[in-house]
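Biologist: Before we go through the details, could you set out the terms you rely on, and then take my questions one at a time?

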Amino acid sequence: MKRIIFSGVQPSGNLHLGNLLGAINPWVNLVNTSSNENDFIFCIVDLHAHTVPQDPKLLREKILETSAIYLAAGIDPKKAHVFIQSENHDHSYLAWLFDCVTPYGWMTRMTQFKDKSAKQAEGTTVGLFNYPILMAADILLYDTTHVPVGEDQKQHVELARDIAEKFNHTYGDTFVLPEPQIGKENARIKSLQNPAKKMSKSENDPLGTVNLLDTPDEIVKKIKRAVTDSGTQVETGYDPEGGISNLLDIYAASTGKTKTEAVGELTWLQYGAFKEKVAEAVVAKLKPIQDRYREIRNDEGYLMSILDDGRDFSIGKSGKKIEQVKEKMGIGRVG
Ligand code: TYM
């Protein structure tokens with residue numbers, strides 16, 4: 001059966017190792033191992049970025065940075081469509097219609113909203129609350145069958161599925177029910193400073209996050225300072241929720257090995273030597289991506305033409321879905 005794969009990253013700050021290892025790398029593997037009949041659509045979700053305050057000039061830069069990182073990380077634009085969410089108005093249009101379909105009670109269960117709104121307190125906007133509905137629109141506009149994401153987005157994909165089911169039940173078959181596709185490993189890379197939390201763009205401590213465009217020196221420094229378990233060397237009985245486990249995940253994903261292989265290779269190393277190995281692996285993983293990133297940014301015409309093609313493809317597809325939805329919901333005029 002033909003698969004339609006959709007996913008996205010917010011251009012709200014620096015993309016980091018969690019985004020690469022938990023999302024973009026798995027996308028690249030899916031594209032490269034897929035048969036030609038499948039469609040891959042990767043979006044830069046800039047409307048989502050405004051759920052927290054943004055500097056407009058910086059956001060524009062981050063949109064291009066994120067697009068170029070997708071390509072530099074290995075997304076082949078001949079096999080996948082890459083576009084900017086705000087350039088296709090169907091996303092925000094469908095989000096409003098879904099606002100009117102989604103029970104309020106479903107939204108109050110979203111754990112990410114609870115965490116983020118607790119941090120932002122008075123600054124919390126309705127947009128932050130509604131964000132999973134916009135995400136549902138992103139996914140459902142394209143008859144998406146699979147959504148490859150890190151673990152933190154699973155609940156949002158499940159909500160999209162629930163919204164599709166409710167809409168279909170109310171108005172008749174319209175949307176495909178999507179499935180989250182979450183890898184067994186690397187789906188949750190933790191902060192280097194606090195392994196109880198995921199690595200995130202909004203982390204306050206800059207030492208907790210390895211950004212994809214960090215220099216080798218910055219990467220080495222951050223990994224050297226990463227928190228460990230309480231011992232002095234890597235043990236087979238490492239704490240599965242601790243800093244060593246996280247560094248093993250990072251090593252495994254950066255070298256393309258399994259975690260079991262990583263443990264076999266690195267057990268009994270002193271923490272200092274172990275961190276050197278992890279840092280080396282991360283630098284080696286990021287170097288070709290950074291080199292390719294610079295090439296792409298120096299050839300803005302190339303990037304623009306890919307984003308133009310992606311925009312045209314997405315509008316062509318989503319426009320048909322919006323026509324169906326309008327008809328089913330009875331909005332607009334006939335014809
Ligand atoms: P965002 O921008 O927070 O993250 C982008 C992708 O990276 C994954 N990720 C992680 N994976 C492993 N470890 C981490 N520490 C880590 N941090 C982030 C996320 O799970 C995600 O896959 N709402 C989404 C963007 C979005 C989207 C969509 C995704 C909007 N519309 C439609 C899929 C389909 C978000 O904020 O991701």
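Modeller: Helices (H or I, at least four residues) and strands (E, at least two) are DSSP runs, numbered from the N terminus. The model is a predicted one, in which local features need pLDDT of at least 70 and side-chain atom pairs count only at pLDDT 80 or more, while totals for chains, interfaces and linings use all residues. Residues are numbered from 1 along each chain as its sequence is written, and side-chain values use heavy atoms, with hydrogens and water left out.

Biologist: Where is Thr145 found, and is Thr145 buried or exposed?

Modeller: Thr145 is found in the loop between α7 and β4, the latter covering 146-148. Buried means under 20% relative accessible area, exposed over 50% and partly exposed in between, with a 1.4 Å probe and protein chains only. Because its relative accessibility is 10%, Thr145 counts as buried.

Biologist: Which residues is Thr145 in contact with, leaving aside its neighbours within four places in sequence?

Modeller: Contact means heavy atoms within 4.5 Å. With neighbours within four places in sequence left aside, the partners of Thr145 are Met1, Lys2, Arg3, Ile4, Val176, Leu177, Pro178 and Glu179.

Biologist: What is the phi of Ala121?

Modeller: Ala121 is found in the loop between α6 and α7. Ala121 is not a glycine, and yet it has a positive phi of about 50 degrees.

Biologist: How many cavities of 30 Å³ or more does a search of the whole structure find, and what is the volume of the largest cavity?

Modeller: On a 1 Å grid over the protein atoms alone, a cavity is a set of points where a 1.4 Å probe fits but cannot get out, and lining residues have an atom within 4 Å of a point. Grid points are joined across faces, edges and corners, and a volume is the space filled by probe spheres set on the points. The search of the whole structure finds one cavity of 30 Å³ or more, and the largest cavity has a volume of about 40 Å³.

Biologist: Which residues line the largest cavity, and how do they divide by class?

Modeller: The lining consists of Gln112, Phe113, Lys116, Leu128, Tyr131, Pro132 and His156, and the elements that give two or more residues to it are α6 (111-120) and α7 (126-140). For the classes, Ala, Val, Leu, Ile, Met, Phe, Trp, Tyr, Cys and Pro count as nonpolar, Asp, Glu, Lys and Arg as charged, and the others, Gly among them, as polar. The lining residues of the largest cavity divide into four nonpolar, two polar and one charged.

Biologist: Which residues is Ala95 in contact with, leaving aside its neighbours within four places in sequence?

Modeller: The place of Ala95 is in helix α4, residues 90-99, and at 9% relative accessibility Ala95 counts as buried. The C-alpha atoms of Ala95 and Ile133 are separated by 5.8 Å, although the two residues are 38 residues apart along the chain. With neighbours within four places in sequence left aside, Ala95 is in contact with Ile133, Leu134 and Ala137.

Biologist: Is Gly264 buried or exposed?

Modeller: Gly264 has its place in helix α11, residues 259-266. Because its relative accessibility is 63%, Gly264 counts as exposed.

Biologist: Which residues does Thr236 touch, not counting residues up to four places away in sequence?

Modeller: Thr236 lies in the loop between α9 and α10 (243-255), and at 54% relative accessibility Thr236 counts as exposed. Not counting residues up to four places away in sequence, Thr236 touches Val263 and Thr267.

Notes:
1 Å grid on protein atoms, 1.4 Å probe; cavity = no way out; pocket = protein on both sides within 12 Å on 5 of 7 lines; lining within 4 Å.
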